[in-house]
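Please read them with the structure open.

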Amino acid sequence: MATNFGVANDYNLFVLGNASMTDSDVEGRLAVQGDIMLSGYSVSSEIEPNSSNTNTLVIGGRINIMNSQNFAGDTVVASINDSDTYDMSNPNGRLIIGTPIDFDEQDIFLKCLSREINKLTANGIVSTCYGNEVYLIGEDEELNVFKFDSQNIAGSGIKLSEISELNIKIPEGSFAIINILGSPIIMQNFETFVNGYAATRDDAARIVFNFPEATSWESTAVGIFGSVLAPYAAAVATNHQFNGNVIFGSITGNAEFHNVTFEGVLPETICRVGPVDCLCKNNCCCELQNYYAEVSVYFQEKQLYFQEKNDYFDRRYGAILASGLTCCDQACGGTASEQSIQSAFPVTAALDPAPAQVLQVDCTCKNNCCCELQNYYAERAVYFQEKQVYFQEKNTYFDGRYGAILDSDLTCCDQACGGEV
């Protein structure tokens, strides 16, 4: 069997963090690495009882399950104590203590997989038409790869959150990988068509949506036809359906998950499931690959953090300049409080934090509130810009080291490493 999503191949929903879901269902198997909260929820309703899919619900963290059902098999929990709640019927299974999934291992693998799939060369065309309709057109008889920015689809200025239709046109029997960049991911109220017809579960089995940069996900009243690989995303999904293998960082909401699995074969990547040796255990190539990949992701996340901070202070600074108040404008009244400053300037967020000297100033201009705020926000913006550059440099360094290992053509079992790190 193809590696594809690793252990997650067998799960309708695979969550690398916490899950909180109500009043709906996962038709297939469900695995949650962290804490779980289910209320009025059902699992495995579309799995044949007493089949090989024995572990239909696997939980790694704390348990708060009320008025729910696991139809087809066992619930396996890492542990259970007096503070946990387990009000779930298991008509064809049991509640078992165990750890059948190495979630940490799968976390590394799935994040690696998302990054590597994103590196595939696109061979399909992405375009927009008739306003907010998106067209993905591929001609490859085996695998069609598409890529676009969720915040600016094909340079049109249209965001994923604004589309009304997603039209996928690929040869019958072929498969599609759709890499969607950016964060947050917002989807709402659009329809999916495959080769001119409303998408079906059979269509969904041929499609993978990959979100390698998404840390935030919101979806409402939409049907997603295809497997979803979003291992970094904290998802909020309400009033809609997924059709495919779905992998999130965490999830809350009341979406339903239809038991569809990806039937294609994903391209081979450097990502590996499980320990490797030369007989592959502790092979230096694999260890370094994982190390540099993980550190690179860490610095990418830091870049995003400081980018957001920089944007925030730039906006506050810009609001002051745009107000037209000069350094000596008497709008400050000679003295200023945080409240009066906020009313004088068109900004909505609370001062974060305001310099102490701003609270008592005069308009001789030396310590005028306008100047103080301008200087404060300008300095903060510069500080965060410098941090961005620092983490960009670090990210580039580790990406370079990671790339050098891959370019060396050393495989996980290459004896050049001698079998040990």
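1. Confidence. This is a predicted model. Its mean pLDDT is 81, and 74% of the residues reach 70 or more.

2. An open sheet is built from five strands, in the order 12-13-15-18-19, with mixed pairing. Strand 12 (125-129) and strand 19 (197-198) sit at the edges, each pairing on one side only. Inside the sheet order, strand 15 (residues 165-169) and strand 18 (residues 191-194) run parallel and are joined by four bridges. Leu166 is placed opposite Thr192 of strand 18. Leu166 comes up again in point 6, among the residues closest to the centre of the largest cavity.

3. Ser42. This residue belongs to strand 6, which spans residues 42-43. Is Ser42 buried or exposed? Its relative accessible area is 14%, which is under the 20% cut-off, so Ser42 counts as buried. Not counting residues up to four places away in sequence, Ser42 touches Ser24, Asp25, Val26, Gln69 and Phe71.

4. Pro212. The loop between strand 20 (207-210) and strand 21 (216-220) holds Pro212. Pro212 is classed as buried because its relative accessibility is 11%, again under 20%. Which residues does Pro212 contact, leaving aside neighbours within four places in sequence? They are Ser114, Asn118, Ile180, Leu181 and Tyr232.

5. The largest pocket. Its volume is about 710 Å³. The lining consists of 26 residues, and those nearest the centre are Pro212, Glu213, Ala214, Gln300 and Leu304. Pro212 from point 4 is therefore both buried, at 11% relative accessibility, and one of the residues nearest the pocket centre. Two elements give two or more residues to the lining, namely helix 3 (284-322) and helix 5 (369-407). Helix 3 contributes the most, with ten residues. By class, the lining holds nine nonpolar, eleven polar and six charged residues.

6. The cavities. How many cavities of 30 Å³ or more does the structure hold? There are two. The largest cavity has a volume of about 80 Å³. It is lined by 13 residues, with Leu166, Ile180, Met187, Phe190 and Phe209 closest to its centre. At least two lining residues come from each of strand 16 (175-181) and strand 22 (223-225). Strand 22 has the largest share, with three residues. Eleven of the lining residues are nonpolar and two are polar, with no charged residue.

7. Links between the points. Ile180 is in contact with Pro212 and is also among the residues closest to the centre of the largest cavity. Pro212, in turn, is among the residues nearest the centre of the largest pocket.

Note on methods. Residues numbered from 1 in each chain as written. Predicted model: local features only at pLDDT ≥ 70, side-chain atom pairs only at ≥ 80, totals over all residues. Heavy atoms only, no water. Pairing = 2+ DSSP bridges. pLDDT = per-residue confidence, 0-100. Buried < 20%, exposed > 50% of the residue type's maximum accessible area, 1.4 Å probe, protein only. Contact = heavy atoms within 4.5 Å. 1 Å grid on protein atoms, 1.4 Å probe; cavity = no way out; pocket = protein on both sides within 12 Å on 5 of 7 lines; lining within 4 Å. Points joined across faces, edges and corners; volume = space filled by probe spheres on them. Nonpolar A, V, L, I, M, F, W, Y, C, P; charged D, E, K, R; others polar.
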